[in-house]
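Me: Could you take a close look at the salt bridges here and walk me through how they are placed?

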Amino acid sequence: MWPWLLLVSLVWAVGWLVRDGRALPSVSDKHVFITGCDSGFGNLLARRLAQRGFRVLAACLTPQGAEALGRACPALRTVLLDVTRPDSVRRAAEWVRGQVGDRGLFGLVNNAGVANPIGPTEWMAADDYRRVLAVNAVGAIEVTLELLPLLKRARGRVVNTSSVLGRLSANGGGYCVSKYCIEAFSDSLRRDMYHFGVKVSIVEPGFFKTAVTNLESIEASLQQLWDRLAPETRLSYGEEFFHKYLKVQRFIMTMLCDADLSKVTRCMEHALSARHPRTRYSAGWDAKLLWLPASYLPAFIVDFTLATILPKPAHRVR
């Protein structure tokens, strides 16, 4: 029996690899709209897709970002977009409609994102969550809804940038919450669009060196959170907790963060250029070997491990 199981497994694996490697015959007539192209994944993806012949429509938050990207890659076109402002989203969507015409939009990459503030949940205010969710979740949803008719017309693809922290919440703040939201939105959208031929993929990167994971901004954000805490709350944690928490963040950002952003953009490229894009992509060694396996473990094991790694408050309620 075992030889037959091995044979079936081998045939399945070879078949999957062949199917996964099949690419679209041509991409030169396909428009792709990417958000968050000032830097990081979006910037690199826009340039790579333009080099491959896609008609890239790159959305940047700042005029400086749009100008720099346009100089670096004249083949693509840029537009300003603040995903937190409905009027900005509507203007960008109208611009996209003018660019694609009757062909429709083949690809949408929801990449714009922010992370700060992150830290212990008790240190947060409701507005801290709102600011992050406005970009990472609500912004992505609003952009998708505005462009969905164009995507249906082209039987196109939606690629949503999530995170391994959308599988396993390792810290407080709006970032993990927003990525869980993107996971749920992507799943429901994929099923709703099944009969319209629109494919939806989720890219779940591990830790990479981008503006989102900039150590200086993370430390500054944590300092602001700490400084605004009520005296009794600060006393319950203690100064030593704060400094140890900073050390943990430094360790994570220096030891786990990968500088090779192409590991993520290659996943996005495959989702846009393959005949059969995958539902989920994991990018980075830590995503594959650490975070995703941990997300399948019993919760009490993960809780114990993270609680052991993170510093302990000075005054714990017993």
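Reply: Asp-127 and Arg-130 pair up through their side chains in a salt bridge, at 2.5 Å from N to O (the term means a side-chain nitrogen of Lys or Arg within 4 Å of a carboxyl oxygen of Asp or Glu). This is a predicted model, where local features need pLDDT of at least 70, side-chain atom pairs count only at pLDDT 80 or more, and totals for chains, interfaces and linings use all residues. Residues are numbered from 1 along each chain as its sequence is written, and side-chain values use heavy atoms, with hydrogens and water left out.

Both Asp-127 and Arg-130 sit in helix H5 (residues 126-154), three residues apart, or about one turn. Helices here are DSSP runs of H or I with at least four residues, strands are E runs of at least two, and both are numbered from the N terminus. Asp-127 is partly exposed at 43% relative accessibility, while Arg-130 is exposed at 53%. For those words, buried is under 20% relative accessible area, exposed is over 50%, and partly exposed is in between (1.4 Å probe, protein chains only).

Now for Arg-280 and Glu-183: their salt bridge has its closest N and O atoms 2.8 Å apart. That pair links distant parts of the chain, 97 residues apart, with Arg-280 in strand S9 (residues 280-283) and Glu-183 in helix H6 (residues 174-192). Arg-280 is partly exposed at 28%, but Glu-183 is buried at 6%.

Asp-187 also bridges to Arg-190, at 3.0 Å between the closest N and O atoms. Asp-187 is buried at 16%, and Arg-190 is buried at 18%. Through shared partners, salt bridges tie Arg-167, Glu-183, Asp-187, Arg-190, Glu-204 and Arg-280 into one network. The structure holds 18 salt bridges.
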